[in-house]
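Open the model in your viewer and keep the selection panel at hand. The stops below go in order, each with something to select and a note on what is there.

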Amino acid sequence: MDDLIGQPLDRIDGRVKVTGRAVYAYEHDVPNAAYAVMVVSSIANGRIASMDTRAAEQAQGVLLVITHQNSLKVPGAQNQSKTSPPGHAVQALQDDVVYYANQPIGVVVAETFADAIAGAQLVQVTYAPQPPQMDLESRLADAYAPDKAGGGGDPAASHRGDVQAGMAEAKKSIDYVYRTPFEVHNPMEPHATIAVWNAPDRLTIYDATQGVFSDRGRVASVFGLPPENVRVISPYLGGGFGSKGPVWSHVILAAMAAKQAKRPVKLAVTRPQMFGMLGCRSETRQAIAMGAKSDGAITALRDDTVSHTSMFGEFVEAASLPARMLYQSPNNSTSQRLVRSNIGQPSYMRAPGEASGTYGLEAAMDEMAYALKMDPVEFRLKNYAETDPEENKPWSSKSLRECYLQGAKHFGWSKRPLEPRSMQDGNALIGWGMATSVYPTRRSVSNASARLNVDGTFSVDAGTQDLGTGTYTIMTQVAAEAFGVDAKQVRFRLGDTILPQTPVSGGSQTAASTGSAVHLASQALREKLIQMAIRDARSPLSGLGAQDVILNKGRLYARSNPARGETFRELILRSGQPHVEAKAEAKPGAEKDHYSMYAFGAQFAEARVDADLGQIKVSRMVGCFGAGRILNAKTARSQFLGGMIWGISMALYEYAAVDKRLGRWVNNNLAEYHVPVNADIGKIEAIWVDEKDDHVNPIGAKGIGEIGITGAAAAIANAVFHATGKRVRDLPITLDKVML
Amino acid sequence: MDDQESKPALQVSRREFVEVAVVSGLAAGVPAAAQTPEIKPRIVNCTFTINKQKQELQIDPRVTLLDLLREHLKLTGTKKGCDHGQCGACTVLVDGRRINSCLTLAIMQNGREITTIEGLAAGSQLHPMQTAFIEHDGFQCGYCTPGQVCSAVALLDEVKAGAPSAVTPRMGEIRPIELSDDEIRERMSGNICRCGAYEGIVAAVREAAGRRRV
Amino acid sequence: MKPFSYFCPATVDEAIQGYGEAQETRFIGGGTNLLDLMKMGVERPAHLIDIGRLPLMKISPHGDGVRIGALISNTDAANHELIRTRYPVLTEAILAGASPQLRNMATMGGNLLQRTRCYYFYDPSYQECNKRTPGSGCAAIDGYNRIHAVLGQSPQCIAVHPSDMCVALTALDAVVQVKGPHGERSINMTEFHRLPGDTPQVETNLQSGELITAIDLPSIPYGKQSHYLKIRDRHSYAFALVSVAVVLDADEDGTMRHVRIALGGVAHKPWRATKAEKALTGEKADKKTLRAAAEEELADAHGYEHNSFKIELAKRAIVRAVTTVVGGQQNG
């Protein structure tokens, strides 16, 4: 129990999940709930000319049809500014403007789901359409420079040295454009909300959200309520990947419908509706130029990225960020620009910025290595940044060199022939590629409480969320280790705004932020309990110094004499108190001023490409990561592997297919928006370098939810090039792009 | 396969059917979307055995088996991921076979024996497949998990019965299936896991099948 | 879904009588395609006749061939010893499609009747679709058309038939048995589905009220020399971009006495590659001959902005599939 942190403990929530007893948002048993289904726009730009709701209103079981003509007016939902972040501007039936296809334009509330969905199909809409703007390439001249880029509020552009001079100095150079498509998160659990007005000014929301507190705040502001009048509950979440971070329109509409129907309302977004109103990863265009000396030293690097934002808000897909800091390039410039398009608000999607950015940069690194006839690992080691070249700060820790070496060894990289198209097995061309992974380490203010109960068990609370990331499990481990008890003796609660306030689960910050809060609260309780014991004349530990008391195996005992001690139950029973509690707040300190903090990794992939038919299989993949302290070896491995599989998906499968004439994504279903199925995954392994980082936060964890996707798509794209000799610079690499 | 004995048809009388048919015949030719439904969905009596419990129910014929389970019977372990047969989250066993409960009307399963994720464990004793999923971390968010587990349970029966898959070599020859990892992957491909827990899922099925890695 | 009446007959005759003259009646078998379309609002039947309990669930020898009851599930057909040992290409094709769950539900007859796949057809919020609303236009021709047809399409419709099973049945010269208000008849597989022409809304030659009762497979002594090659965007649970069913009879020296080839994913119906068959019959399966035969088959193919690659892919797929069978890597 001394080293519970890090152990591959089975998921605490495993049993309820494999038995179907974990209750997700739509599944809370709320008496008398009516069913709501949204009506969505079929045009991408224009106005609603008319909505005929009579047939729907008369249909079986329909209670209410809400459109912009009869909706509750909620001034807080109005757009404030075109630079508002994702989730700020919601489309809550306040006017007749259509900004994007699949925008909510109505809500049908009915007695049953069958009635609601049948009713929604009867709503007749006529539009006054305008031509949609959806194309990036033809509108590059219209692109504008935003003020900031990325979740960390980085500047939208960067410059160091003289890129032109650096390029002139280069022996070899490359200059290419890399593209990534629109992607849609598609968590398996469709977004869903149950809204219950407990009183005219009191609202309870069961929501599939990555941030119960941010959800509460936004909903309260829209409805003009004090935040404490809104309770948000989200104990289980069927994935999110960023899409359940912002508060989207449907949450507001569920609450509005419940208010107008005077009944609790449950609303789920249908799978086709999920393509538009819930954020997306924007299409990107990364223009990368790079020059290097013949010994491989990079002399100049430029990354100019353009992505989309919506007509009503702003989000920058900050793909140029890795090019700023990943390599020791003396002459460096990056920029981010945006075009406004008729799409739902682009937003955070698993490793926003870095996922797309490492594809472009790391594919370019591969091209440069070939130009130099250097091994790709060797080329990266040649340009290894020992300190952050952009910020001129030391790294809090960086194990990237070890990741390259261990990953390469594990993969068998040394046997790789340099020449492309040099390995074949029957009809399959085989190639090996690699790339670097990077993701920033962040944290936010977070709170937790810890309590010893009268029965000798512990309760630990934090409002946070578990998206499948393992929050329940790792928080339990952090707390149990502090108390020296078995994990079974700790009950960790999350996903409720009545619990201590925590940040959104995004940006890979939950372990660092809330993990630190749980750590501090648990340590505080531990100290409190030790003090209770040593100051109590009736305790066998009476009179000992605090440092002389050990908490282990469910007991407090003397370091010098394990027999001298007592159980937690004995301690609390004697105190006569119902429980003993400690609270803590963990907040970022000055570490960011002194250090650059990132997780790093190296990914290696083997691609088998059918020489004639172009079909690609990632037959083997190894990722090696340095991501601070690993809190649970089992759930961490799953997080890394999941990220890598997202990389496979990004490289080969995923894209929202655009009909530019109509401004619509036509493959808005899981049959044709391809994400990998089990058969697409070959042998895949995640390993990591033990990393002790005392700077990042009190528990030394860097966050692992997103690092796994970064670099993965590039490693695969580079493997496809090595297999075929064909360089595809726009994702995904579908078979038609390599066979012709 | 032998001709199955035809099971008794639903107790919807022929006369009722014709009456309804006449009423809505008037509406034929009206553009679909603009048409006001002229017939109320009737309630039909059905009997199911769900997780070994016999249930007599009155249902709207439009209700899918999935919505019957989740919304009417509060058996929310069976998940709705796409509602179009494209993800597998709604997988349940009907007469021992795995199906997508979203793409069948409840009424079409009248008289059948349905097993959902809630019915796999024997009391507090988990099904070996459930245990294997926990041990091998065959899930993250857990939303696809009930479907994955039901699917995996059926998979083992299918393999036992010698049913080939798309990756079975020489499927023109009748012989026992060797359950390689590729076989598991193909046979589990009707269940999408967006978290990407596929490696753990394969390991769990492998273990529940009592087999070492091939 | 629009409210509908529901009727579950016990006999074929009851089912056919129940269908009557009503335009808005649909037979429902497995439901995997019809219910999907009903949820999308593309199909809006007023009456459903559930044929799932009809006694059409038998696979048995029939003359020199095999008869498959229309309500046999795709799974049971694929697993059946008679099919696996005599027509393994059908097993391969069925198992290449959909997922185990869907194959457990889908029936043989229902698979024959699945609608063509096109984004713009499946979603009624697209205004243009000649299949849904005759005369409204085709949104796919100038839209996003990566999955669409390159053979036999018309200016009215470029949708593709998505079935894998039907491609194998076409190569096998299956015969569809139907029964309707006017009695029984047989429809050859190659005549069962239609090209879109000016009436893309009519996808098969089945008459209103006719019910598929069985699928007959003729005797093909060389049936084991066969292969179904499916090329798709992911390795399972995806529609074909191009697929090829090949059944052939080759001499020991590689000369092909009989050749049957059908293509999937390229046309509004399973595409019998008669030109390629003719070009290959009596020839040896060397690369050059195969390529020439494939070129001939695709000579009239026409692609659009996103799907022209299918033409070359189909050619290479024909070459690969035939090579695989002649090379002895077939199902035997």
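Begin with the second largest pocket, whose lining residues divide into 16 nonpolar, 11 polar and 22 charged. Bear in mind throughout that this is a predicted model. The pocket holds about 1,800 Å³ of space. To centre the view, select Q615(A), A166(B), V167(B), H227(C) and L229(C); of the 49 lining residues, these are the closest to the centre of the pocket.

Next, colour the elements around this pocket. Those that each supply at least two residues of the lining are β27 (598-610) and β28 (616-626) of chain A, α5 (181-187) of chain B, and α5 (88-96), β9 (226-232), α12 (287-297) and α13 (309-326) of chain C. Which element gives the largest share of the lining of the second largest pocket? Select α13(C): six residues of the lining come from there, the largest share.

Stay with chain C and show its domains. Domain 1 covers 5-52 and domain 2 covers 226-326. The C-alpha centres of the two domains are 36 Å apart.

The structure has 14 cavities of 30 Å³ or more, and the largest cavity has a volume of about 220 Å³. Select E672(A), I147(C), F239(C), A240(C) and L241(C), which are the closest to the centre of the largest cavity among the 20 residues that line it. How do the residues of this lining divide? There are 11 nonpolar, four polar and five charged residues in the lining of the largest cavity.

Move to chain A and select strand β17, residues 332-340. Eight of the nine residues of β17(A) are buried, so that the strand is mostly covered.

Within β17(A), pick out S333(A). Is S333(A) buried or exposed? S333(A) counts as buried because its relative accessible area is 9%, and the cut-off for buried is under 20%. Show its contacts beyond the neighbours within four places in sequence: S158(A), H159(A), V163(A), L301(A), R302(A) and D303(A).

The remaining stops are details of the backbone. Select L731(A) and P732(A), which are joined by a cis peptide bond with omega of about -5 degrees. P732(A) is in the loop between α16 (712-724) and α17 (735-739) of chain A.

Go to N32(A), in the loop between α1 (14-18) and β1 (34-40) of chain A. Phi of N32(A) is near 65 degrees, a positive value in a residue other than glycine. N32(A) counts as exposed because its relative accessibility is 51%, and exposed means over 50%.

Finish in chain B with R170(B), in the loop between α4 (145-160) and α5 of that chain. R170(B) is a residue other than glycine with a positive phi, near 40 degrees. What is the relative accessible area of R170(B)? The value is 42%, and R170(B) is therefore partly exposed.

How values were computed. Residues are numbered from 1 along each chain as its sequence is written. Chains are lettered from A and ligands numbered from 1 in the order in which they are written. This is a predicted model: local features need pLDDT of at least 70, side-chain atom pairs count only at pLDDT 80 or more; totals for chains, interfaces and linings use all residues. Side-chain values use heavy atoms; hydrogens and water are left out. Helices (H or I, at least four residues) and strands (E, at least two) are DSSP runs, numbered from the N terminus. Buried means under 20% relative accessible area, exposed over 50%, partly exposed in between (1.4 Å probe, protein chains only). Contact means heavy atoms within 4.5 Å. Domain bounds come from an automatic or database domain assignment. On a 1 Å grid over the protein atoms alone, a cavity is a set of points where a 1.4 Å probe fits but cannot get out, and a pocket is an open set with protein on both sides within 12 Å along at least five of seven lines; lining residues have an atom within 4 Å of a point. Grid points are joined across faces, edges and corners, and a volume is the space filled by probe spheres set on the points. Ala, Val, Leu, Ile, Met, Phe, Trp, Tyr, Cys and Pro count as nonpolar, Asp, Glu, Lys and Arg as charged, and the others, Gly among them, as polar.
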